[in-house]
Amino acid sequence: MNPVFLNRFLRFLIVAGIIALGGIVLFYISRYTYPFIIAMIIAFFMNPLVDFLEMKGRMPRGLAVIISIVFILSVFAGLITILIAEIVSGADYLGGVVPAHLDTLINYLEDFAAGQLIPFYNRIAVLFNNLDVKQQTTILDNIQNVGQKIGSTAGNFIQGFFQNIPAIIGWFPNAASVLIFSLLATFFISKDWYRMSNFSGRILPPKIFSSGKRIVEDLKKALFGFIRAQFTLISLTTIIVLIGLLILRVKYAITIALICGIVDLLPYLGTGTVFVPWIIYEVISGNTSLAIGLSVLYVIVLVQRQLMEPKVLSSSIGLDPLATLVSLFAGFKLIGFLGLAAGPVVLVIINTLIKAHVFSDIWEFIMGRDPKER
């Protein structure tokens, strides 16, 4: 065998082995250190705020970290409080209007059963009685098999649900401990962020450290851009829904628009979780004009989302719109709803590694060439 190709093949095996071994080690280590990985991610995103307080507010870094953590927790607590208050207010409103709507729905179902289901059943019964005994037995056996499958599926689902209740209850103490360890680790990591960064610069080779630093900076820009893009998209959805509901003169338009903005974060489902049941109910209750108005508004929101998402994501994270669209579709096909969020993130990571010449350096190593010769 040609020695050149043999050396290239060996270097390829070395690279593949290092990547595979690194992935396995990272997987097993992360199972036991995930609170600290969470803390590292929180500190990574919180670092700009800490730097701002430290530089502009002239605070000790430890105090700046504490204020940042308290501020973030306060924002989340405030959002949860507002959400709970809106839920209570909405529940009180629904408690007054649901009985009337329920009566309307029941009357519709009664009329539907009397006008459609019963005549249909009578026609099916006449056709069934005209069949011979063998055909009737076959149909009854098939219906029985379907019923048994539905019953066994429902039974397995209920059994699995109740069997998982102890695990769900047991998850809360673990979640509390993870939260405490993550917050403590966030404080220490953020406080010593630059000291750890300098320490990494001393122990790592200059080439690896410079490439890693560039990757981290590019990822920071891209991830912050991704968050900004999502915020822009849900803001547009909220504004469009609010304007549409005000035009339709719907009560609690602001609350409903905020809820639509929040559920717009749900991959694939989005605002359909609010609009589709609402439109169906308005059709059943006979309020056709409102149903048509809501349908038009829903179509506008869908079209706006599909047109704006690739453009906003590409402009915010610096990716080609076509590549962003491909990543959204590929992510959805590979892992489902979560892929709509994971696809662009993976594309950002790949794009960052390309800009940092990681793939080209690996290729040069496999080919046996010095990267400086490029």
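Start by colouring the protein chain by pLDDT, the predictor's confidence in each residue from 0 to 100: the chain averages 76, and 79% of the residues score at least 70. This is a predicted model, in which local features need pLDDT of at least 70 and side-chain atom pairs count only at pLDDT 80 or more, while totals for chains, interfaces and linings use all residues. Residues are numbered from 1 along each chain as its sequence is written, and side-chain values use heavy atoms, with hydrogens and water left out.

**The whole chain**

Switch to a cartoon view. You will find 11 helices and zero strands; both are DSSP runs numbered from the N terminus, with helices being H or I of at least four residues and strands E of at least two. Confidence is highest in helix H1 (residues 3-56), at a mean of 82, and lowest in helix H9 (residues 321-335), at 73. Of the 374 residues, 24% are buried, meaning under 20% relative accessible area, where exposed is over 50% and partly exposed lies in between (1.4 Å probe, protein chains only). Among contacts (heavy atoms within 4.5 Å) with a separation of 6 or more, 60% join residues 24 or more positions apart.

**The largest nonpolar core**

Next, select Val241, Leu245, Phe275 and Leu294. These have the most contacts inside the largest nonpolar core, which has 16 residues. Such a core is a set of buried Ala, Val, Leu, Ile, Met, Phe, Trp, Tyr and Cys residues joined through side-chain atoms within 4.5 Å. Helices H5 (206-248), H6 (253-263), H7 (272-284) and H8 (288-317) each supply at least two of its residues, and H8 gives the largest share, six residues.

Now centre on Leu245. Beyond its neighbours within four places in sequence, Leu245 is in contact with Val250, Ala253, Ile256, Ala257, Trp278, Leu294 and Leu297.

**H6 against H7**

Keep H6 and H7 on screen. Their axes are 9 Å apart and the helices pack at an angle of about 125°; axes are lines fitted to C-alpha atoms, for helices over the stretch in contact, and angles run from 0 to 180 degrees between N-to-C directions. H6 and H7 are therefore oblique to each other, since angles under 35 degrees count as roughly parallel, over 145 as roughly antiparallel, 65 to 115 as roughly perpendicular and the rest as oblique. Show side chains for Ile256, Ile259, Cys260 and Val263 of H6, which meet Thr273, Val274, Phe275 and Trp278 of H7. By class, this contact has seven nonpolar, one polar and no charged residues (Ala, Val, Leu, Ile, Met, Phe, Trp, Tyr, Cys and Pro count as nonpolar, Asp, Glu, Lys and Arg as charged, and the others, Gly among them, as polar).

Step back to Arg249, in the loop between H5 and H6. Its phi is near 60°, a positive value in a residue other than glycine. Arg249 is exposed, with a relative accessible area of 78%.

**H1 with H11**

Move on to H1 and helix H11 (residues 358-367), whose axes come within 7 Å and cross at roughly 140°. That makes H1 oblique to H11. Pick Arg8, Arg11, Phe12 and Val15 on H1, then Ile362, Phe365, Ile366 and Met367 on H11, to see the contact. Its classes are six nonpolar, no polar and two charged residues. In H11, Asp361, Glu364, Ile366 and Met367 are buried. Just after H11, Gly368 takes a positive phi of about 80°.

**A last stop in H3**

Finish at Ser182, in helix H3 (residues 133-191). Ser182 is buried, with a relative accessible area of 4%.
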